[in-house]
Amino acid sequence: MTNNPSFDARPKAGVGDSFRSWWNAQSRPMQWLFGVPFILLIALLPILNVPVLTTVGTNFGGVMAQFGMYALIAIGLNVVVGQAGLLDLGYVGFYAVGAYTVALLTSPNSPWNQTGPGGWLSSDWAWLACLPIAILITALSGLLLGSPTLRLRGDYLAIVTLGFGEIVRLLADNLEEITGGGRGLSQVAYPRFGTTEEFPLGVFSAGNVGKTLNSGVWWYWLSIVLIIIVLLFVGNLERSRVGRAWVAIREDEDAAEIMGVPTFKFKLWAFTIGASIGGLSGALYAGQVQFVVPTNFNVVNSVLFLCAVVLGGQGNKLGVILGAFIIVYLPNFFLGRTEILGIPIDGDSIAEYKYFFFGLALMVLMIFRPQGLLPVRQKLLTYGRELFVAARRRQHDEAAAPVEVTK
Amino acid sequence: MSRDSESPHDPGGIEAGAEVGEEYRSTSEDAFDHPVGPMILDEAVPVDVTDVAPELADPEVVAEIVAPTREIETEVGEPLVELEGVTVKFGGLTALDSVTFTIRRGEILGLIGPNGAGKTTCFNAMTGVYRPTSGTVTFDGHVMAKLKRNQITRLGIARTFQNVRLFGEMTALENVVVGTDARHRTSVPGATFRLPRHRHEERDAIDRGLALLEFVGIGARATEKARNLPYGDQRRLEIARALATEPKLLCLDEPAAGFNPAEKVALMDLIRKIRSDGYTVLLIEHDMRLVMGVTDRIVVLEFGKKIAEGVPAEIRDNPAVIAAYLGVPDDASA
């Protein structure tokens, strides 16, 4: 017991654990009853203008839009890293593939632009039509990268994926005739929705700035919708044979294979699913900023994505969303701030050194809470709830009337 | 290493058969080993499986659900596995030297031998992990080709490990359900959209998983993480997980390692119970009392050769076996 920490005694019950057990004991409708207002509150944050929470240096709506994209990325990366236990250091590559797919199909600078006269993408629906294409292409790139490399394990896989991330960026940088090289691709399509007199280009247009209900807020809401859809699908996978196979592979790959899990097949699925979610996020990004350049897809972004997952709690879907929030929000919180609670600070410099602070935070976390802020307790059975509810009821009864049980 | 985690809960293992029902009722008292108050409810709370599946209170129903349902070509009593002159060479080393024996369907066969005798090599050759240098292995009427390990399991050979290898972060029930997944056909599309077949398989998996946990006697621990289980229960869970794949042949690799005498007796009962439920068992074991007590026939290997085969009483008196295990005086061997 002493030489193997994983055999350590049961963890102490904390606030999170008691909340989790309370939550798990609620019926599905009750969970929705509590969940929906909470989601609404989160969604309304950028227009509620909460005094301390709202950022001062940048537009809060824009920050939340970025958070939405990072949350999607974190969910996708969590499938690969958190659930299947495959360390992927080149995840930004998939993000880039998604963004460039949309950009190449809709930017006027691109040789493959389809929005002009004779193109098959009508400009009103161009972005939405590109979404499934972007997901498909990134999934394909995940499959392509995964099929030779997933025979590797551990550190070797990490190195190969790191290389992939760089290859994608260098391709974007050097294929000037196609991607425009360092100049990038501009005027990428976005959803033309809500075009009125006031907003001739629609509410999602980057020109919709300044007001409370600016384009950032709209993108944030769009990403919340996508996050909920993705979470439902990923949750279904987690509570199925697929999720169990992933966790089994993470725990002991050899034992999993001997127990009949086709390990390679499910690792490839994890990679492909993770990639397509990353591609979806990339497509969102391309639409929001309407401008794609290679410098947005540096390796350091990969590390930042991974940081969100590890910080929030590998394997915990809500945890990694929290991680994404921290990664995006904290630097922007300090940006342009000169004092907190009356203490004068140099917020801009703090935001500037975000990599330093995140590195420090990761080190501290690894020492004191290696499982992340919200540790994982996956539910891997579709119909497993009733058993947990029965266990809770039983324990409740015993606590109430311990004398009877000893009989 | 996990020996310390052996807890006072396990009263020398589980009484087989009719007393399974009694077993988890008694473990409900274990709640008092844990601190009362705000504890992690999801784990560490003994559950009464009959709360969810009342029919499991009847051991006969449990045995019926656990019994294999798959088609086996071989008749009961006929050879399920046949090794015909199997030789395995690693470079110049002959690990297995033209070994011939059969495992009949429905029996418990013991495979014994001193350390390094070739038991594991024999096992690997039998399951297709190694391709024999010469000779053939026939399993359920088909010659074994080289297969991936997960395909071997699907084919119908399941095993437990000498050193327990459970999925520690999963609950006991989830571990067993991973085993049942070997027979499932749902993949990503079915699971993503929760198609009918997926839902059907999930229900089945949980029913069978709970029955299996009851069968090996750890139903009360269904919702506990595998790594928190006492050592003896971990070994039982491994057996349940292997049975979940509905094997035609169940291989137990030293299942009694680290057990005390009382636990060994309970394990023998469990192995017999598994056999009478319709499984064929191959037992690789060092402990002579266990092997003699539970097997129908025994094959003895030494230095890669089969030196004896027969019922336990014959093996016990076989001079070659005694020599292999105890050594022979120099003058006697001359």
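The answer below takes the chain as a whole, then its domains, a sheet and one loop.

Analyst: Residues are numbered from 1 along each chain as its sequence is written, and chains are lettered from A, ligands being numbered from 1, in the order in which they are written. The model is predicted: local features need pLDDT of at least 70, side-chain atom pairs count only at pLDDT 80 or more, and totals for chains, interfaces and linings use all residues.

Buried stands for 20 or more other C-beta atoms within 10 Å of the residue's own, exposed for 12 or fewer, and partly exposed for values in between, with C-beta atoms placed from the backbone. If contacts in chain B are limited to residues at least 6 apart in sequence, 71% of them join residues at least 24 apart. A contact here requires the C-beta atoms, placed from the backbone, to lie within 7 Å.

Chain B is divided into two domains, and each is written as two stretches of sequence: domain 1 is 14-74 + 169-245, and domain 2 is 77-156 + 247-334. These bounds come from an automatic or database domain assignment. Where the two domains of chain B touch, domain 1 contributes 19 residues and domain 2 contributes 22. On the domain 1 side, the elements giving two or more residues are α3 (59-66) and α9 (231-244) of chain B. Helix α9(B) supplies the largest share of that side, six residues. Sorted by class, the domain 1 side holds 13 nonpolar, four polar and two charged residues. In this sorting Ala, Val, Leu, Ile, Met, Phe, Trp, Tyr, Cys and Pro are nonpolar, Asp, Glu, Lys and Arg are charged, and the others, Gly among them, are polar.

Next comes the sheet. Strands of a sheet pair through backbone hydrogen bonds, in a parallel or an antiparallel arrangement. In chain B, an open sheet of four strands runs in the order β2-β1-β4-β5, with antiparallel pairing. Its edges are β2 (93-104) and β5 (142-143) of chain B, each of which pairs on one side only. Two strands are taken as paired if DSSP finds at least two bridges between them. Strands β1 (residues 79-90) and β4 (residues 134-139) of chain B have five bridges, in the antiparallel sense. To place one of the residues, B:E82 has B:T138 in β4(B) as its bridge partner.

The last stop is a loop. B:R194 lies between α7 (188-192) and α8 (196-216) of chain B. Its phi is positive, about 50°, although B:R194 is not a glycine. Is B:R194 buried, exposed or in between? B:R194 counts as partly exposed because 17 C-beta neighbours lie inside 10 Å.
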